[in-house]
Amino acid sequence: MPFSRRITLLAAAAALVGLALPVHAQGADEPPVIRIGTLENGTVNWEIETIRKRGLDQENGFTLQPLILAGNPATQVAMQGGEVDTIVSDFLWVAQQRARGAGFRFLPYSTAVGGVMVRGDSPAQSLADLKGKKIGIAGGPVDKSWLILRAWSRERLGEDLADVTQQVFGAPPMILNAAETGEVDAAINFWHFQAKMQARGMREIMSVETAASDLGLDPSTPLLGYVLRDDWIAANPALAEGLARASRTAKDLLAKDDAAWEELRPIMEAADDAEFEALKAGWRAGIPAHGPVDAENAQQMFATMAELGGEELTGGVATLPEGLFWWPE
């Protein structure tokens, strides 16, 4: 195992061990802590940092305490083990956990999705032009964007993209590089890597949002959300509502205040002004509507993806469990 990787894992393990100690050691006059598991370079940190720097957590009666972990699986393990109070994850994972009795619920965070990108000089203008071509895909064979685009291709083109193209699966940075160098003819990447690709001169030939709309799905269905526990919400209703308010206030601020983004720029790792602006626009585009998730629309989205993703995607869940989506009353 590379030395840097080993150090990262050991640091994460040490942090988790520390969390086994009492977490409410603050003084009587100090607000309670909400512990959130996150990634060092995750875009969720932009909202977390805004909440903390602007004092939105304190205004809502809590202190938001991030715990940096070494990957999405580590955040999920921390959530399952009770080492953190919340993480951000997709509603499919939350649905699987709830169906298995974990009592997890989903508070909307983002609707951000990507699309199919090609180089600026590519002759491809539509998905039909990718027949016989090589597509790079971040997230694996059951990536949600890939499944929706496959469903669109089957309905509108009469053939499955998976059958008429060659796929290369890899980590987001690898897919970005493969697209830039021409190793692949097109790429489907996570939204923030797509923003980087756009800033570097690549163009989108089909968005997942458009594909979803064409399929009769609601593209405003948030795929990512804060994960909360039923028992934690029941025991801490004011804290749960305070987190929801702080999140919404941060979103409303970042939706219109460019100065707030300048404060975040040091942690955004934007290579230049164009990339910074693309990341900002992409994050803003993913801000969900204020209000509860439409469970019926989410079920339709789930069913479309499940048809192609199968049990590898759904974990054996046939329908989204009752009470999956939470919104403060």
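This is a predicted model: local features need pLDDT of at least 70, side-chain atom pairs count only at pLDDT 80 or more; totals for chains, interfaces and linings use all residues.
Let's start with the overall picture. We've got one protein chain here with 15 helices and 10 strands. Its C-alpha trace spans about 65 × 45 × 45 Å along the principal axes. For 329 residues, you'd expect a compact globule to have a radius of gyration near 20 Å, and the chain comes out at 20 Å, so the two agree. Buried residues make up 50% of the 329. And if you take the contacts with a separation of 6 or more, 76% of them are between residues 24 or more positions apart.

A quick word on charge. There are 28 positive side chains and 44 negative ones. The centres of those two sets lie 3 Å apart.

Okay, on to helix 2, residues 44-53. This helix is mostly covered, with 7 of its 10 residues buried. Among them are Val44, Trp46, Ile48 and Ile51, and Asn45, Glu47 and Thr50 are on the buried list as well. After helix 2 comes Gly55, with a positive phi near 70°.

The whole structure has 8 aromatic pairs.

Another pair is Phe91 with Phe325, edge-to-face, at 5.9 Å centre to centre and 65° between the planes. Here Phe91 belongs to helix 5, residues 91-99, while Phe325 is in the segment after helix 15, and they are 234 residues apart. Phe91 is buried because its relative accessibility is 1%. Phe325, at 14%, is buried because the cut-off is under 20%.

Now for a strand. Ile135 is in strand 6, residues 134-138, and with a relative accessible area of 1% it is buried. What does Ile135 touch, leaving out residues up to four places away in sequence? The list includes Leu130, Trp146, Thr165, Val168, Val184 and Ile188. By contrast, take Val84, which is 51 residues from Ile135 along the chain: their C-alpha atoms are separated by 37 Å.

Over in helix 12, residues 237-256, have a look at Arg248. Arg248 is at 13% relative accessibility, so this arginine counts as buried. Setting aside neighbours within four places in sequence, Arg248 contacts Ile287, Pro288, Ala289 and His290.

Last stop, Glu269. You'll find Glu269 in the loop between helix 13 and helix 14. At 51% relative accessibility, Glu269 counts as exposed, because the cut-off for that is over 50%. Why point out its backbone? Most residues other than glycine have a negative phi. Glu269 has a positive one, near 55°.

That's my tour, so over to you.

Definitions and conventions. Residues are numbered from 1 along each chain as its sequence is written. Side-chain values use heavy atoms; hydrogens and water are left out. Helices (H or I, at least four residues) and strands (E, at least two) are DSSP runs, numbered from the N terminus. The radius of gyration is taken over C-alpha atoms; the globule rule is 2.2 Å times the number of residues to the power 0.38. Buried means under 20% relative accessible area, exposed over 50%, partly exposed in between (1.4 Å probe, protein chains only). Contact means heavy atoms within 4.5 Å. Lys and Arg count as positive and Asp and Glu as negative; His and the chain ends are not counted. The place of a charge is taken as NZ of Lys, CZ of Arg, CG of Asp or CD of Glu. Rings of Phe, Tyr and Trp (its six-membered ring) pair if their centres lie within 6.5 Å; planes under 30 degrees apart count as stacked, over 60 as edge-to-face and the rest as tilted.
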